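Hi,

Here is the structure I promised to pass on.

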Amino acid sequence: MNLIFDGHNDCVQRLQEYLPGGIDFLVRSCSGHLDLPRAVDGGLKGGLFAMMAHPEQPPIDDLTVTETGYEVRLAVPLDAVYARRTIRQQLAALKQLEARADGKVRIAKSTDEIAVATDVGSFAIVLHLEGADSIDADLLELEAMHDSGLRSLGLVWSRPNIFGHGVPFAFPRSPDTGPGLTDAGKDLVRACNQLSIMIDVSHLNEQGFWDVARLSSAPLVATHACVHAICPSTRNLTDRQLDAIRESDGIVGVNFSVCDVRPDADLNEDTPLDMLIRHFQYLVDRIGIDRVAIGSDFDGATIPAVIKDASGLPNLIAALRASGFDDEAVRRITFDNWMRVFRLTWAQ
Ligand SMILES: [Zn+2]
């Protein structure tokens with residue numbers, strides 16, 4: 001069975017250690033997309049686990065259906081104290097899971113630790129922060145999170161914070177939706193480079209992307225995004241952005257979210273795998289076979305029913321093979337390419 005490493009999931013939001021009444025990761029569940037038994041069934045050996053603070057009050061009426069698609073009003077900034085408390089709870093939840101998993105789940109902080117986990121049959125969690133809303137401009141919290149094992153960070157989710165401006169969800173629309181990084185955001189990029197924390201450009205608007213491209217000494221990484229030329233949503237990457245990712249020797253983890261996969265952006269789980277494979281093919285042609293990977297968005301998006309959950313990943317692999325990717329290409333896409341970029345980024 002293929003080894004698979006995934007660039008993005010939101011599973012922490014559902015863990016019983018974080019959410020009262022949430023799922024036990026070690027036990028098979030019939031809801032959501034990811035738990036250990038289903039990961040084992042699908043060949044999933046680990047992934048970037050996103051910690052992300054949702055607003056205290058869910059927004060109302062933020063979606064507008066337009067003649068050609070949709071627009072979501074940009075989320076309001078989070079209170080930093082609330083965000084920090086929430087992220088610390090999520091970090092604690094993942095550590096508690098690791099502590100009670102009896103070696104079956106390990107938080108990995110290096111490619112060596114991922115390799116060890118994979119060798120002994122443990123599931124590897126890499127800690128990712130989706131939106132730096134919990135971090136103050138003095139960046140002390142960044143250092144504390146790094147000490148706690150954080151190895152990957154997106155400066156923004158789709159909302160503004162002191163570092164930059166997230167891209168509002170909209171279709172069809174360019175990701176060029178506002179100003180770039182603030183001075184604090186530029187400092188955060190430099191600090192991440194210094195600490196060897198991987199920077200994720202997913203959810204950044206285009207100006208912010210170019211600021212990261214200009215400032216960062218690490219490969220450009222989009223942990224979960226698709227191709228704007230196929231599905232012109234604001235969350236997807238334009239050809240110019242893809243070319244910059246190629247030039248930096250970076251990577252794109254292909255997002256399974258049907259709104260970003262389908263050319264019509266319809267929120268329809270009855271989405272054929274061909275539509276998803278088209279993104280893989282386009283990316284391989286444009287940025288090269290070493291720079292394309294998986295960024296499922298498990299537990300964070302509506303994904304094609306034919307994949308259904310982590311146990312359905314072999315269906316994706318079969319579709320990749322059927323469309324002409326050989327064993328070597330599939331191995332790179334499903335595992336090796338993430339390790340390549342981690343090695344380049346974390347070794348700095
Ligand atoms: Zn996301």
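How do the residues of the lining of the largest cavity divide into nonpolar, polar and charged? Before I get to that, please keep in mind that this is a predicted model. The answer is seven nonpolar, five polar and one charged.

Some background on that cavity. The structure has one cavity of 30 Å³ or more, and the volume of the largest cavity comes out at about 70 Å³. Its lining is made up of 13 residues, and those closest to the centre are V201, L204, T234, R235 and L237.

Next, the largest pocket. Its volume is about 1100 Å³, and 42 residues line it. Nearest the centre of this pocket you will find D62, V72, W157, F169 and G300. Three elements each supply at least two residues of the lining: the strands β3 (63-65) and β4 (70-72), plus the helix α8 (258-261). Sorted by class, the pocket lining has 21 nonpolar, eleven polar and ten charged residues.

I also looked at how some of the helices pack.

Take α6 (residues 206-215) and α7 (residues 239-247). Their axes are 11 Å apart, and the angle between these two helices is about 20°. Angles under 35 degrees count as roughly parallel, so α6 and α7 are roughly parallel to each other. Their crossing is left-handed. On the α6 side, the contact is made by E206, F209 and W210, while α7 brings R240, Q241, A244 and I245. By class, that contact between α6 and α7 divides into four nonpolar residues, one polar and two charged.

The other pair is α3 (residues 111-120) with α11 (residues 327-346). Here the axes come within 9 Å and cross at roughly 145°. From α3, the residues T111, I114 and T118 meet F335, M339, F342, R343 and W346 of α11. The contact of α3 with α11 has five nonpolar, two polar and one charged residues.

That's what I have so far.

Cheers

Terms used:
Residues are numbered from 1 along each chain as its sequence is written. This is a predicted model: local features need pLDDT of at least 70, side-chain atom pairs count only at pLDDT 80 or more; totals for chains, interfaces and linings use all residues. Side-chain values use heavy atoms; hydrogens and water are left out. On a 1 Å grid over the protein atoms alone, a cavity is a set of points where a 1.4 Å probe fits but cannot get out, and a pocket is an open set with protein on both sides within 12 Å along at least five of seven lines; lining residues have an atom within 4 Å of a point. Grid points are joined across faces, edges and corners, and a volume is the space filled by probe spheres set on the points. Ala, Val, Leu, Ile, Met, Phe, Trp, Tyr, Cys and Pro count as nonpolar, Asp, Glu, Lys and Arg as charged, and the others, Gly among them, as polar. Axes are lines fitted to C-alpha atoms, for helices over the stretch in contact, and angles run from 0 to 180 degrees between N-to-C directions. Helices (H or I, at least four residues) and strands (E, at least two) are DSSP runs, numbered from the N terminus. Angles under 35 degrees count as roughly parallel, over 145 as roughly antiparallel, 65 to 115 as roughly perpendicular and the rest as oblique. A crossing is left-handed if the near helix is turned anticlockwise from the far one by less than a right angle, and right-handed if clockwise. Contact means heavy atoms within 4.5 Å.
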